[in-house]
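Reader: I am new to this structure and would like to know what stands behind the words used for it. Please set each value against its definition.

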Amino acid sequence: MDNGIVSEKFLYDSIVYDSPLERENVIADIDEVVVYGKIPRRSISIPTIADSSYSPDFMYVVRKADGEQVLNVVVETKGVENEAQLRGNENIKISCAERFFEQLEIDGYKVSFKKQLNNKAMKSIIDDLLK
């Protein structure tokens, strides 16, 4: 936790993070983002084959070019340079989350799940989704 200034779009009034990359996400101000926040631990409970459950790091509501605000994004942030540096357990959790959110989409919910590594800025992830 630190005393920096958070974006007006951030759901909370203080900067709390688990890694430097998460801190960058908290202080970022991306035009297309309507609101975002760090997901409280265990508030989204995704069953995994590695542990009992898993909860991703961030959620975003993004404004599309036509002004529609329906793109919901859930992000798992990992402070590593590439996928090869992820621990096996992390890969399992991410894989289970990908399947979980794919099923939500099949069930009619518009939610995108993305992973963020050190080599990909949140702005870039949002821009890719809006294309």
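Reader: Why is Lys9 called buried?

Author: Lys9 has a relative accessible area of 19%. Buried means under 20%, exposed means over 50%, and partly exposed lies in between, with a 1.4 Å probe and protein chains only. Lys9 is therefore buried, at 19%. This is a predicted model, in which local features need pLDDT of at least 70 and side-chain atom pairs count only at pLDDT 80 or more, while totals for chains, interfaces and linings use all residues. Residues are numbered from 1 along each chain as its sequence is written, and side-chain values use heavy atoms, with hydrogens and water left out.

Reader: Where is Lys9, and what does Lys9 touch?

Author: Lys9 is in the segment before helix H1 (20-27). Leaving aside residues up to four places away in sequence, Lys9 touches Asp29, Ile30, Asp31, Val33, Val34, Val35 and Tyr36. Touching is contact, that is, heavy atoms within 4.5 Å.

Reader: What makes a run of residues a helix or a strand, and in what order do the elements of the protein run?

Author: Both are DSSP runs numbered from the N terminus: a helix is H or I with at least four residues, a strand is E with at least two. The protein has three helices and four strands, in the order α-β-β-β-α-β-α from the N terminus on.

Reader: Why is Gly79 called exposed?

Author: The relative accessible area of Gly79 is 51%, so Gly79 counts as exposed. Gly79 is found in the loop between E3 and helix H2 (88-106). The C-alpha atoms of Gly79 and Leu21 are 6.0 Å apart, although 58 residues separate them along the chain.

Reader: What makes Glu102 and Gln85 partly exposed?

Author: Glu102 has a relative accessible area of 44%, and is therefore partly exposed. The value for Gln85 is 44%, so Gln85 is partly exposed. Glu102 lies in helix H2, whereas Gln85 is in the loop between E3 and H2. From Glu102 to Ser112, 10 residues along the chain, the C-alpha atoms are separated by 8.1 Å. Gln85 and Ser124 are 39 residues apart in sequence and 21 Å apart in space, C-alpha to C-alpha.

Reader: What makes a set of residues a nonpolar core, and which residues touch the most other members of the largest one?

Author: A nonpolar core is a set of buried Ala, Val, Leu, Ile, Met, Phe, Trp, Tyr and Cys residues joined through side-chain atoms within 4.5 Å. The largest has 15 residues, of which Tyr60 and Met122 touch the most other members. Two or more residues each come from strand E1 (33-38), strand E2 (58-62), strand E3 (71-77) and helix H3 (122-130). Apart from this core lies another of 12 residues, including Ile39, Val74, Leu86 and Ala97.

Reader: What does Met122 touch?

Author: Not counting residues up to four places away in sequence, Met122 touches Asn25, Ile30, Tyr60, Val75 and Gln116.

Reader: How do you know that the radius of gyration agrees with a compact globule?

Author: The rule for a globule is 2.2 Å times the number of residues to the power 0.38, and the radius is taken over C-alpha atoms. For 131 residues a compact globule would be near 14 Å; the protein has 15 Å, which agrees. The C-alpha atoms fill a box of roughly 35 × 35 × 25 Å along the principal axes.

Reader: How much of the protein counts as buried?

Author: Of its 131 residues, 37% count as buried.
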